[in-house]
Amino acid sequence: MIQKPRIGLLPLYLALYDESLPTLRGELEPFLRQVQSALAAAGAEVTAAPVCCVSSEVRAGLEQLRAGDPDLLVTLHLAYSPSLESARALAECGLPILMLDTTPDAEFGRDVDPQRLLYNHGIHGVMDLASVLRRLGCQPWVVAGHLNDPATAGRAVAIGRAARAWRRMRGTRALRIGPVFDGMGDFQVEPARLRAHFGIEVEQIEALALAEDAAAIDDAAIEAERKADEATFDVDCPAEVHRRSLRVGLALRRRLDRGGFTAFSLNFGAFDRADGPIDTVPFLECCKAMARGIGYAGEGDVLTAALVGALATAFGGTTFTEIFCPDWRGGALFLSHMGELNPEVTAAPARLYEKPFPFTPARNPATLAAAIRPGAATLVDLAPGPDGFSLIVAPVQVLEDGTHPGLRDWIRAWIQPALPLTQFLERYSALGGTHHHALMLGDHREALTAFARMAGIEFHWLGE
């Protein structure tokens, strides 16, 4: 479930014009409303402060905007505004800042009426303020362009989504069910380090700890969920298998809700009983949780789970996945996992089926199988390093689905990196990339660059 980024819009203006050009402010009001509308149309919730000219107005405007708890502060120069009226307050506001460098007119050519200068000269106020903010140790984002190009507002809102994702990431409360998969080390990070860098709090339980929540799930709740599944998925599963998976899955959902968890990970090996209320692995609920914006990753990996939740909440169309096999000849990589996929990213309604489960004594679960939707996508990895963390980001193309009939029971996708496959794999592992990933539908390079900067981590782009 996508949460719109909240943008606080701070319009800046020159007090001198109120004295010498008293009608100009009113003539610029439609432009201010146009900017608000463009940001809203691009997917943001926008709150604007009153037009600010002097330092006291700027501080009052910032206080008003902060009361709305914005993810991103956007400045807009309606005209030139001297930097020293706003720079100090902006540098101290504690919010990510984006300067929207735009004007009312799309053209200012050689046949222009020179009087239009009064309406279109805010850009040198942008330059003044950006320069002073940098000297104050504050590095704003700058998006320049005319609003006739939807990409202008879209890029600004994408930075807002990055800010929303970072806020979600740094407040993650994660549940780990069972221990980390034995011997699997790439994503393991000490709890104190997770807390110090990302604010991630982790609670670990055993699978049987869900029994109390399972006891609270009645038949009516299971039947309602079963009907919802039939309306959403291609159900091809014995009723008994479906119902037992729903009982355990709804117990997990209740535990997540009750504990205020925004991410979770499970070790399938921790589900090792064929009797009692927790008799199967809740893969189906892992899939549904990702569609609700709850972060997930397998094998006890709460770091990637927190990343998946942050990106899914802010951008949508995000799933946990793993690279499994190279197609050397085709220059592609095969993605899959045991039974966890965000159904939002599938090419067609997912197949809900009984999955054979030979790994523990637990009974076979119901889960989903589907192909990921073809098109442009972004592969993202949050890799622990010796001194910090790295965000490794790669543009990829999700290819058309495979043709083998046995694929119907698999979570699957083939992706083609922008780099030649051998170069991609060599660079990825040289950077310390883990074997757990988030896959986002669409191209999100600029937003993820901003996310990494907000998080104080290195950014590595594996594209041409």
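Me: Phe 424 and Tyr 428: are they buried or exposed?

Reply: Heads-up: this is a predicted model, where local features need pLDDT of at least 70 and side-chain atom pairs count only at pLDDT 80 or more, though totals for chains, interfaces and linings use all residues. Residues are numbered from 1 along each chain as its sequence is written, and side-chain values use heavy atoms, with hydrogens and water left out. The scale is relative accessible area (1.4 Å probe, protein chains only), with buried under 20%, exposed over 50% and partly exposed in between. On that scale, Phe 424 and Tyr 428 are both buried.

Me: Which helix holds Phe 424 and Tyr 428?

Reply: Helices here are DSSP runs of H or I of at least four residues, strands are E runs of at least two, and both are numbered from the N terminus. Phe 424 and Tyr 428 are four residues apart, about one turn of the helix. An α-helix has 3.6 residues a turn, so residues three or four places apart point the same way. The helix, covering residues 421–430, is H14.

Me: Within what arc do the buried residues of H14 fall?

Reply: The buried set in H14 is Leu 421, Phe 424 and Tyr 428. They line one face of the helix, because looking down its axis (using directions from the axis to the C-beta atoms) they fall within an arc of 60 degrees.

Me: What is the bridge partner of Val 398 in E17?

Reply: Strands pair if DSSP finds at least two bridges between them. Strand E16 (residues 389–398) runs antiparallel to E17, with three bridges joining them, and strand E12 (residues 332–336) also pairs with E17 in the antiparallel sense over three bridges. In E17 (residues 413–417), the covered face has Ala 413, Ile 415 and Pro 417, while Trp 414 and Gln 416 are on the uncovered one. Leu 333 has Ile 415 as its bridge partner in E17, and for Val 398 the partner is Ile 415.

Me: Why is the ring pair of Phe 334 and Trp 414 called tilted?

Reply: There are 13 aromatic pairs in the structure. The centres of Phe 334 and Trp 414 are 4.8 Å apart and their planes sit at 55 degrees, so this pair is tilted. It links distant parts of the chain, with Phe 334 in E12 and Trp 414 in E17, 80 residues apart. Rings of Phe, Tyr and Trp (its six-membered ring) pair with centres within 6.5 Å, and planes under 30 degrees apart count as stacked, over 60 as edge-to-face and the rest as tilted.

Me: Over the face of which residue does Arg 193 lie?

Reply: A charge sits over a ring if NZ of Lys or CZ of Arg is within 6 Å of the ring centre and within 35 degrees of the ring normal. Arg 116 lies over Tyr 119, 4.2 Å from the ring centre. For Arg 193, at 4.6 Å from the ring centre, the residue is Phe 389.
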